[in-house]
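Here is a short briefing on one protein fold.

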Amino acid sequence: MRVLGVDPGLTRCGVGVVEGVAGRPLTMLGVGVVRTSADAEPGHRLVAIERGIEEWLDTHRPDCVAVERVFAQHNVRTVMGTAQASAVAMLCASRRGLPVALHTPSEVKAAVSGSGRADKAQVGAMVTRLLRLDAPPKPADAADALALAICHIWRAPALNRLQQAHAAAAARPARVPRTAAVPVRKVPR
């Protein structure tokens, strides 16, 4: 499985491609950051992010795209920019018919480091170790994108089995529980 991980951001949108299957060594195929100027108009920044992601999709031809799920922060402006960049990544993937998976930051941290509260340095160190790199990818957004791809590769088989089980359960007709026949006794009057 080849996964493009996207750590969405309006100024720095981390991107990383990892290939492999759960339980086997993984391979990094590319890592980088799509950058936009903070001085540019928001619409122009989103177009630049779209072009950057489209270029990564053209170059690496992933099987799916894993995007960090946006969570509420105290800074609404930051959340809005992150959500907009996330939507661009989802749109680019969906336009090509690629599955999109969303993973929370704590899911990603737990998958790669064993702790959902790991800091950026711990995530970078584990990404370096798991992908057998010489040094952690810089900036942290790039390492986070690789961590997203790793998380998805490891979690996808279980998620697929759950989705198949839900689909099978929804397709079956509802079962009516059978009640045991209770003999009727006549009570004398």
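**Helices on the sheet**

Helix α1 (residues 42-60) lies across β1 (2-7), β2 (12-19), β3 and β4. Its direction is at about 165 degrees to β3. Keep in mind that this is a predicted model.

- Helix α2 (residues 76-95) lies across β1, β4 and β5.
- Helix α2 runs at about 170 degrees to β4.

**The sheet**

- Five strands form an open sheet with mixed pairing. Their order is β3-β2-β1-β4-β5.
- β3 (27-35) and β5 (100-103) stand at the edges. Each has a single partner strand, so one side of each lacks a neighbour in the sheet.
- On average, neighbouring strands of this sheet are turned by 20 degrees against each other, direction ignored.
- Strand β4 (residues 64-68) pairs with β5 in the parallel sense, over four bridges.
- Ala66 stands opposite Ala101 in β5.

**The cysteines**

- A disulfide is a covalent bond between the sulfur atoms of two cysteines.
- How many disulfides does a search of the whole structure find? It finds zero.
- The cut-off for a disulfide is within 2.5 Å.
- Cys64 has its closest cysteine sulfur in Cys151, 11 Å away, so this pair is also too far for a bond.
- Is Cys13 buried or exposed? Cys13 counts as buried, because its relative accessibility is 0%.
- Cys64 counts as buried too, at 6% relative accessibility.

Key
Residues numbered from 1 in each chain as written. Predicted model: local features only at pLDDT ≥ 70, side-chain atom pairs only at ≥ 80, totals over all residues. Heavy atoms only, no water. Buried < 20%, exposed > 50% of the residue type's maximum accessible area, 1.4 Å probe, protein only. Pairing = 2+ DSSP bridges. Helix = DSSP H or I, 4+ residues; strand = E, 2+ residues; numbered from the N terminus. Axes fitted to C-alpha atoms, helices over the stretch in contact; angles between N-to-C directions. Contact = heavy atoms within 4.5 Å.
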